[in-house]
Every structure is written in C-alpha cells, then in structure tokens.
Amino acid sequence: MTTYLFYFLSFLAIMFALMVVLSKNPIHSVLYLVLTFFAIAGHYVLLNAQFLAAVHIIVYAGAIMVLFLFVIMLLNLNKDTEPHKSLWLKGSAAVASGSLLVILVGSLRGAEQIIASNPYSNSIGLIENLGQTLFKDFLLPFEVASILLLGAMVGAVMLGKKSIK
Amino acid sequence: MSAIQTIPINWYLLLSAVLFSIGILGVLFRRNAIIIFMSIELMLNAVNLLLVAFSTYLSDSKGQVFVFFIMAVAAAEVAVGLAILMSVYRNSKSTDINILSKLKG
Amino acid sequence: MMKLVGLVPILPLIGFLIIGFFGKKMSKGLVGVIGSGVVFAAFAIAVGLFIDIQEHAQKSYTIDFFNWISAGKLSIPFSFLVDPLSSLFLLIITGIGFLIHVYSTAYMHDDEGFSRFFAYLNLFIFFMLLLVLGSNYLIMFVGWEGVGLCSYLLIGFWFKNTAYNNAAKKAFIMNRIGDLGFLLGIILIFVTFGSISYHEVFEQAKSFSSGSPVLTAIALLLFIGAMGKSAQLPLYTWLPDAMAGPTPVSALIHAATMVTAGIYMIARSNILYTLSPDAMAVVSVIGVCTALFAATIGLAQNDIKKVLAYSTVSQLGYMFLALGVGAYTGAVFHVMTHAFFKALLFLGAGSVIHAMSGEQDIRKMGGLKKYIPITQMTFLIGTLAIAGFPGFSGFFSKDEILANAYEHNKVLWFVGILTAGMTTFYMFRLYFLTFKGTFRGTHEQEHHLHESPKAMTIPLIILAVLSLVGGLVGIPAALGGHHFLEEFLKPVFEDSSFRMVHHLSHETEYILMGIAVAVMAIALYFAYKTYVVDKKLPAAEGEELQPIHNLVYKKYLIDELYEFVITKPLNFIGDAFHKVVDNQIVDGIVNGSGYVVNGVSGIIRKVQTGNIGFYVFVMVISIVLILFTQLF
C-alpha cells in the first residue's frame, strides 16, 4: 500500500514538475508548481513529518506561490510572450540536465547504507520534538534567520519602490 | 505505518535527483526569469525532500529543522528576487534574461 | 665635554633642516646668522673636545649612541671616535668652515639661491663631521658619500648653466669610481677581520705579518677611494672642473676639507698601510707623480681658480707622498697648513673675482694692488705660505715631508723639490699677474674695482694670520723647536712607529732646508723677472704656442684622452646595447608579452557573452564535470 502511494506521489511530483518547466503560460507553471508542492507535502506525510508538511503547504503554496502569481499578474505576463530558444540550445539544456541526473544517480551506486544512530521513532516529526531541537540546538540560527528575513523585507521594499533616486 | 519499513531510501534519493534535474532543466530551458525562479524553488524542494527523508531514516529531527531554515531562506530569496525582477521589468519591459547582457566582455 | 660630541654634527644638520625648509621665508641676514651660527657652535664644542684630549691622559674616547645595523655576524654600532686625529680635523673643518660661512654671507649676498647655498654648506659640514667622527668604516663611508653628494650639489649650484652641471656630474661620477674601491675595501676588511670598527680592525691587523697580501689588497682598495676623493692621478680631472661652483665652495670643499678626506682615511688606517710596504710605495709614487703633473699644468693656466685648483691637486699629491713614506704626522700637518693657506688663497681669489665683477682670467687683471690692498696683502701671505717661504706655515710642513721623502728615497725627494720650485713659480706668476703691473681689463671693470666688505676681508685676515703662524706647532727639532703636533698625534700613529726610520742628522736637515729655500728663491726670481721686470703676458687665446707649452696649456689632453679611451667606447657599447639588447630583446620581451596577453584576452573576452543562460549552462556543465571527477 505504502509503496503504491509512494509511486503515485512520485509520479505526480515528477509529472507536475515537468509541466512547470514545459508549459508555455507562466500562470500554468505556477499552478503546476503548487501541485508539485502538494505532491511533495504528501511525501512528507508519508515520511512521518506531518508538521513539516503543513508548514510546507502554508509557506510554499500559500505564501511564496501567491507572491509569484501576484507578480505575474502585476506584470501582466500571463500570455505566452516568451521568445523560444533555438532547438540547439534546448537540446544542449536537456543533455546538460540529463547528464547531471546520470551523474547523481550513478553516484548512488557506490554508496553504502548508513546505520541510524538513534533507535527508530515515530514521533520525530511531531511539533514537540521539532520545537525542542529548534529552540535548543538551533537557537542562534533561528534568531539569525529573523535578521535575514528582516533584511530581505527591507531590500524588497527598497527595490520595489517606484523610483530610486 | 511508515515509509521507512517498505521503501528503501534509495528511492527517495532517486526521486530527489530527478526533481533536482528537472529544476536544472527549467533553468537552462527557459528564458523567462519567473519560470527560472520557480525552477530554483523546485530544486530547493528536491533538497528539502531529501533532508526530510534522511531525517526520518536516521531518526534525527535536525534534518527537519534544517528544512525550516531553507524555507526561511527561500522566502527571503523570493521576496528580494521578485523585487529585483520588478525593477528589471520596470526598466526594460521584459523578464527575458537574455536582455540582461550588460556583463558582455 | 665628551657628552657634547653628538652635537657637533647635529648642529649643522639642524641648520641645514631649518634653512632648507624655511630658508626661503627668512631674511638673508637670518639665514646667514643661522648658517654660520651652528657651525660656530660646533667649532666651540670642537675646541672643547680638543682641549679635553690635549689635557687628559686618555687619548681616545668612543661614544656609543645606538646599535645601528645588526645582521648575522655584522654588528655596527653608531658611535663616534674622538682622538687626537679626529679632534684636529674637527677643528679644521668647523673653524675654516665657519670663516667660509661668514665670507659667503657677503660673497653670495646678491645670489637668488642664498638660502639654498647655506643649506648645502651646512649639510656638507654635517657629512664631513660624520666622516671624521665615525668610529667605523661604514659611518665614514656615509659621510664620504654625503660629502660627494654635497660636492655635486654645490658644484652644480648654478644649475642653469649646462657646463657647470656637467662639471658637477663629472665630479660625482669620478668620485663614484673611487667610492667603489673604498666600498670593496670595506667589504674586504669585514671579510678579513669580521668587523669594520677601527679599534677591532687595527687590533687584529697588528698580528698580521708585514707585506701580507690581503692587507696590501685592502690598503690599495682604500687608496682607490682616496684617489677619487682626493683627486689623485688618474682620477684628478674632476677637481679643476669643480671650480664651476661658487668660490667659497671651492675654498671649503675643494681645498680645505673634502679633498683631505682621503688623507684622513689613510692616516686613520695607518697601521694597514704600514704593514704593507707595497701599498705605501704605490701611494708615494702616485702622490709624487700627481704633485709634479698637476704643478706642470698649473704653470700654464690663465684662470685664477684653475691655477689654484691644480695647485690643490699638486699639494694633495704632496700629502700622499708624505703618507706613502710613512710621515703620517707630516701629512696631517700639511693638511692643516694647506687648509689655512689654500682657503685663504681661494677666498682671496674670490675677493679678486668679486672686485673684477666676475672676471677670472688673470690676463685681464693686473695692478690690483692699489684697489684691493687687504686682499692683496693676505693673498701675498698665502702665496708665500704655499711657496714655503721660511717662517710661513707651508715651509715647516713641506720641509717635514721633503725630509721624510729624502730619508725614504732620494728620487721622491728630488721630484718633490722640483714640484716645490714649480709651485713657487706658478703661484708668484699668479700673484704678479694679478696684483702687479698695470690694469688690463676693460674701463668699466676698472671703474667698478673696490675692496670687498668686512665679512669677506675679516676671514681673509684671520686665515692670513693662521697661514703665517700655523707652522709653529710643528717646528722641527733641527731648528730648536718643539714639534707639538707630532707629540699630540703620537697616540694615533703609535702602532706604525716601528717603521718610522730614524731622524736625519741636523746637518742633513739644514742642507735640505737650504736647498728647498734656494729652489724657491730661484723660482721666485724667475717669476719676478718674467712677469714684473720683463712684463711678459701669457699668450692670448688663439695665439700659436710652442708644442710643449700647448700640451701643458691643454692639460696634457687628459680629458680628451679619457673621452677617447673611456667615454667614447662606453658610449659606443651603451649605444649598441641600447639599440640591440634594450630595443630589440628587452623591449621585445616586454612588448611581446603585452601583445600576447592582449591578443589572448581578445579571444577569451568573447566567452564573456553577458548571456546569463549561457553562464548557467557552463556552470551546470562544470558541476557535472567536477562531480564526475570527484565521484568516479
């Protein structure tokens, strides 16, 4: 049952991801990407990371993708205005990414199985455990991340201003 | 019921590799900066997925915490990146990356 | 008093800095006062040092200031050595230097470079004091180079004149040749003795056997340095040309102080020379040849300063003769008396030139006696002193040198006495042509003739008195006197005393003096007869001369010979190298690498398309390749 679910979710994720790349209309790309994210969130659930799955949906599908949509609509890009690349370039792009895939997959061949140091637990994906780790081991990066977000916000506002004189 | 009992981690590695390569393909394939951005998000998610997978297989919650940070970085990146895109569009009325060729030697 | 020794060179340095930096904003009077004042203060301290040395039993003080250079085996402290020799030189430098500073305040008064002139003079005094005071060869070398630099600056003082600039360059380059020898000598000293401080070197040198080759090599290399600085054959030609500088400079640098640096250095290193008879023989032969050679040229010169310049070269030859025969005291004695009368003569010549509105040709002078009596009187005293008239300072010092030369080698003595006769002749020729007879210049010049101001005449009078009585410190025993100077300098030359031959019997000395006086009298008579009684004049420019006379007048064509043998081939080689090696090979390499870089970058530049997609593509390919090489 789980295996089939994995196959199904993987198929959805890969297909929607390809659609993101291949669809002509940017709006469609965004929508496919949202679907891809849902598929990935399904994987998270499958992996016992329920809280992360929820956060993933909220942040990516809810915030980031809305931002994308917003920008596309603001710039009025929902038409297929993109000039096509030459066939040669498309081919070379496919070859490059394909060879990267081959390399990545090929590198798995020599890999050894890692033995988990902790005993298996169902509950590591629960919010309590995550909170413990986040606010104990990663307190400083957590605070630094807030500064990063603040900086990003200020930067976005500055760049988004109509005229920078 | 958990994926770990039936699904080997190699499968997740493969899935991540495929998603990541699709992201790369998108970056190379498209000229629209927004699509390229989305491809980058796709790559980030491929990595996220792998982190979560390892976190579960190794029973270590640090991997999942890392995903949070990646999300934070991605959010910041998208905010700034889209703002840059806005100003580029404002100046050139296009999101085609090929017009950004001021670096030509 | 010894604690103040540091001030002696520092005072002129301060003077140089003040005048150098602020001189243009100061009035000429203030510049003159500061420039002369610092030298006078240094002179006062030098007198104190001299008295200290004189009265105390300790004859040698080393004053350490700081550790200057320390690297590996080499350790050079910055320290001064005060002993009879250096204290005597300090007196000469600061004393005569002060008089010349005072003289310059008047002589240079109307020159636009007044403050620059005083800055240079003070700098020169500083370096000269450093040269004399240093307790090791390196400090001496610093001073040595410094005076060379100042000499260059002062000879080319009127730098707008190309000929003067060339003279300055000539002096500088000629000195460099000598300096190279000196530097090699210092290096050889360090290699041999492991130290360059006088004290250690001389202590160790004592254990060397006489005639040791390495000592001879050191002595000869040092002598090459002395040749350059003290204008000996074959490096003497810069000194006559150095007369391009203002006359006080000629007096200070090219007569009284700088050129005696070579004498000082050899006198200081006397032990090294005493232990190598071969080097001494070279020194004495070069000295006596220079003396004779320069004297013959002096016979036929018509420029008042050139005559004095050649006489300086000739007198320096005398000093080297003295050093070469081991009469170190005699050499230092002659340095002292020569400083007095040569400074006097140069300043007197300056006064004459001043009165003649810049005219230097003695054929256009004559009869100046009644116009500038003080100058004439003092000049006469100087002339008598240099000629060795009995009782004047030059008589005693020359007599000592000639007596020592006689003991050593009769030929040297004969050439020496011949030179003395020539010296008498050309100096009186100069004197008679300048001051006796009738005026031969233009009417305008005659109208303008006037005695120089007091600032010029007072130094002349002081120097005249010194020229008159300066010899009294070294009256030979034969004349029932007491040689104060010899006694004073004894500690310095003690180590060399074993080689000093016994003194001549008094009878022989009387005979030698008699011959010297007789030669002088004959020469004086000839000069008088030719230029006063017969009223002969040197041939005018362009007149046909007898071959030998012509040769002498043209200074034996030595400059032309150097030009032909050294300068021309060097120029040719330089030209060839310029055209082939530099233009073709060196420039070819440099320009070629430029072209290659330019061309290659022109090709590589095209890679920078500015196309972001392309960049990303290349990046991905690179990642693939890197992963490929890393993982498989």
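**Note on a predicted three-chain model**

1. P476(C) counts as partly exposed, because 19 C-beta neighbours lie inside 10 Å. By the definition applied, with C-beta atoms placed from the backbone, a residue is buried if 20 or more other C-beta atoms lie within 10 Å of its own, exposed if 12 or fewer, and partly exposed in between. P476(C) belongs to the loop between α20 (454–469) and α21 (484–493) of chain C. Helices are DSSP runs of H or I with at least four residues, strands are runs of E with at least two, and both are numbered from the N terminus.

2. The model is predicted: local features need pLDDT of at least 70 and side-chain atom pairs count only at pLDDT 80 or more, whereas totals for chains, interfaces and linings use all residues. Residues are numbered from 1 along each chain as its sequence is written, and chains are lettered from A and ligands numbered from 1 in the order in which they are written.

3. Chain C contains 25 helices and two strands, and 51% of its 632 residues count as buried. Among its contacts with a separation of 6 or more, 81% involve residues 24 or more positions apart; a contact requires C-beta atoms, placed from the backbone, within 7 Å. Chain B has four helices and zero strands, in the order α-α-α-α from the N terminus. Of its 105 residues, 54% are buried, and residues 24 or more positions apart make up 48% of the chain B contacts with a separation of 6 or more.

4. The largest nonpolar core has 208 residues, and F124(C) and A343(C) have the most contacts inside it. Such a core is a set of buried Ala, Val, Leu, Ile, Met, Phe, Trp, Tyr and Cys residues joined through C-beta atoms within 7 Å. The core lies between domain 1 (1–135) and domain 2 (136–553) of chain C, because both give residues to it; these bounds come from an automatic or database domain assignment. Beyond its neighbours within four places in sequence, F124(C) is in contact with V147(C), C150(C), L154(C) and I253(C). A second, separate core of 74 residues includes V30(A), A53(A), V52(B) and V78(B).

5. S151(C) is located in helix α5 (residues 137–155) of chain C and is buried, with 28 other C-beta atoms within 10 Å. Not counting residues up to four places away in sequence, S151(C) touches A171(C), A242(C), I253(C) and M258(C). H254(C), 103 residues from S151(C) along the chain, has its C-alpha atom 8.5 Å from that of S151(C).

6. Which helix of chain C is largely enclosed by the rest of the structure? Helix α11 (residues 261–268) is, because eight of its eight residues are buried. Among them are Y264(C), M265(C) and R268(C).

7. The contact between chains A and B takes 72 residues from chain A and 64 residues from chain B. On the chain A side, the elements giving two or more residues are α1 (2–22), α2 (26–46), α3 (50–74), α4 (87–109), α5 (127–136) and α6 (139–160). That side divides into 51 nonpolar, 17 polar and four charged residues. Ala, Val, Leu, Ile, Met, Phe, Trp, Tyr, Cys and Pro count as nonpolar, Asp, Glu, Lys and Arg as charged, and the others, Gly among them, as polar. The contact of chain A with chain C takes seven residues from chain A and eight residues from chain C; the chain A side has four nonpolar, three polar and no charged residues.

8. In chain B, helices α2 (residues 9–29) and α3 (residues 33–57) pack at an angle of about 170°, their axes 7 Å apart. Axes are lines fitted to C-alpha atoms, for helices over the stretch in contact, and angles run from 0 to 180 degrees between N-to-C directions. The pair α2(B) and α3(B) is therefore roughly antiparallel; angles under 35 degrees count as roughly parallel, over 145 as roughly antiparallel, 65 to 115 as roughly perpendicular and the rest as oblique. The residues of this contact comprise 19 nonpolar, five polar and no charged.

9. N48(A), not a glycine, has a positive phi of about 65°; N48(A) lies in the loop between α2 and α3 of chain A and is buried, with 23 other C-beta atoms within 10 Å. S59(B) also has a positive phi, near 55°. S59(B) sits in the loop between α3 and α4 (62–92) of chain B and is partly exposed, with 18 other C-beta atoms within 10 Å.

Technical notes: Two residues are in contact if their C-beta atoms, placed from the backbone, lie within 7 Å.
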